[in-house]
Amino acid sequence: MSNNASVPTSASNTPIAIDDDESPLETNSDPSLLPITSRHTSAVWSDFKRKRVGDVIKAECNHCSKLLAGGSKAGTTHLKDHIKICPKRVCQDLRQTRMFGTKKNLNDKNDTMTLAPYEFHQEDGRRDLAEMIILHEYPISMVEHIGFRKYSKTLQPGFKVPSRNTTRKDIMKRYELEKENVATLLRKAKGKIALTTDMWTADNQRKGYMAVTSHFIDNTWKLQSRIIRFLYVPAPHTAEVLADALKESIQSWNLDLRLSSITVDNCSTNDAMMEILKGVFPYGSLLLRGDFFHMRCCAHILNLIVQDGLSAVVSNGVQRIRDSVVFWTASDKRVQRFEQVAKQITPECSRKLALDCKTRRVVESHKISKKRKKKLIATLTLVLDIVF
């Protein structure tokens, strides 16, 4: 071996030269820290430091100081996943943020714009799309309309609009989720559960459907109401058919031993149906051996009272008004003529003629304002005084 050649040993103090491609990009006084070299081209290394822990090389997060695998064979995928969920990381990339308009109070007319992190998720978009179709009763086929797909692509280019079958599966998945939530809520309720049921006829199909709603007090002493069944009931709607449909609905939710009462409309068919159900459910589980099992709807009784009062007092006048509305709405020419005369008498008149529905409830508290409700109560009181 030549005398000019020198072989460094582990105890030698001779410095080792570093190649140009291994030149450190940053230095630190901490001896355990390793330099970030030009080999580490991933942008994720701006959020990590290379650190030697014992004989292993680790990557330490600059935000939460968590240690992850940082060797040459570890890759950077796990580092990128950590950055997405790091609780102490503040997003500084403007491409991953968006502007939000917020108001300090409802009376404030000016929005306060804030910059917050934003990350798109396909699953969240599909869930919200299914919820929109359910809430507004949109046709499922709308997801295949060209205009809707173009609109969605404009709002979020990364959102892939699902097909009709996929959307139907998402809706059924949401139904199963909500059904399980209602079942959990019913299981946690420690008290009795009251039911209300009524028949509903679809205008376009002329088919009868039964709706069953549960009412109970939860563990926080709050009244809860949940629809548990909405099912098609084939004709004829006899007491036996209705009793079988309602019994199946109650047993499918395991409520047969937890019932307090069932409220129905005041008609003979429902009376016969409730007598059948009294023989099905055991008396021992009912309040006072079933004395409060059958409850009649007060709104329906009030409706019958008002109808009898109107028929006895102002039936002729109401019928003449109905006949007049039918006459003036029979053709477009008559409607136009009526509106011209109405505007001559009352220029600010903008309402249209509408024929009332005899079977509609008189009291719908969720649709009546307080002022109109007071007038309605006063009118009903006057009618009751006249009748009785």
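I take buried to mean under 20% relative accessible area, exposed over 50%, and partly exposed in between, with a 1.4 Å probe and protein chains only. By that rule Tyr209, at 15% relative accessibility, counts as buried.

Notes on the source. The model is predicted, so I recall its limits: local features need pLDDT of at least 70, side-chain atom pairs count only at pLDDT 80 or more, and totals for chains, interfaces and linings use all residues. Residues are numbered from 1 along each chain as its sequence is written, and side-chain values use heavy atoms, with hydrogens and water left out.

Overall. I looked up the secondary structure and found 10 helices and 11 strands; helices (H or I, at least four residues) and strands (E, at least two) are DSSP runs, numbered from the N terminus. Of the 388 residues, 24% count as buried. The protein exposes about 28,300 Å², of which carbon and sulfur atoms supply 55%; the areas come from the Shrake-Rupley method with a 1.4 Å probe, and for residues only the protein chains shown count as cover. Among contacts with a separation of 6 or more, 44% are between residues 24 or more positions apart, a contact being heavy atoms within 4.5 Å.

Aromatic pairs. I found six in the structure. Rings of Phe, Tyr and Trp (its six-membered ring) pair if their centres lie within 6.5 Å; planes under 30 degrees apart count as stacked, over 60 as edge-to-face and the rest as tilted. The rings of Tyr209 and Phe230 are stacked, because their centres are 5.5 Å apart and their planes are at 5°. This pair links distant parts of the chain, with Tyr209 in strand S8 (residues 208-217) and Phe230 in strand S9 (residues 223-232), 21 residues apart. Ring pairs join Trp200, Tyr209, Phe230 and Tyr232 into a cluster. I also checked Lys207: its charged end sits over the ring of Tyr232, 5.6 Å from the centre. That call requires NZ of Lys or CZ of Arg within 6 Å of the ring centre and within 35 degrees of the ring normal.

Salt bridges. My search of the whole structure gave 11, each a side-chain nitrogen of Lys or Arg within 4 Å of a carboxyl oxygen of Asp or Glu. Arg174 bridges to Glu131, with the closest N and O atoms 3.5 Å apart. This pair links distant parts of the chain: Arg174 is in helix H4 and Glu131 in helix H2 (residues 122-136), 43 residues apart. Arg296 and Asp271 meet at 3.4 Å, N to O. Arg296 lies in strand S11 and Asp271 in helix H6, so the pair ties together parts that are 25 residues apart in sequence. Glu123, Arg126 and Asp170 form a network of salt bridges.

Asp170 is in helix H4 (residues 164-188) and is buried at 11% relative accessibility. Beyond four places in sequence, Asp170 is in contact with Arg126 and Ala130. His82 is in helix H1 (residues 77-85) and is buried at 8%. Not counting residues up to four places away, His82 touches Phe48, Cys61, Cys64, Lys66 and Leu68.

Surface. I noted a nonpolar patch of about 360 Å² made by Leu287, Leu288, Phe292 and Met295. Patches are made of residues with over 30% relative accessible area and no salt bridge; like charges are joined within 9 Å, and nonpolar side chains (Val, Leu, Ile, Met, Phe, Trp, Tyr) within 5 Å. Leu288 is in the loop between helix H6 (268-280) and strand S11 (294-296), and counts as exposed at 56%.
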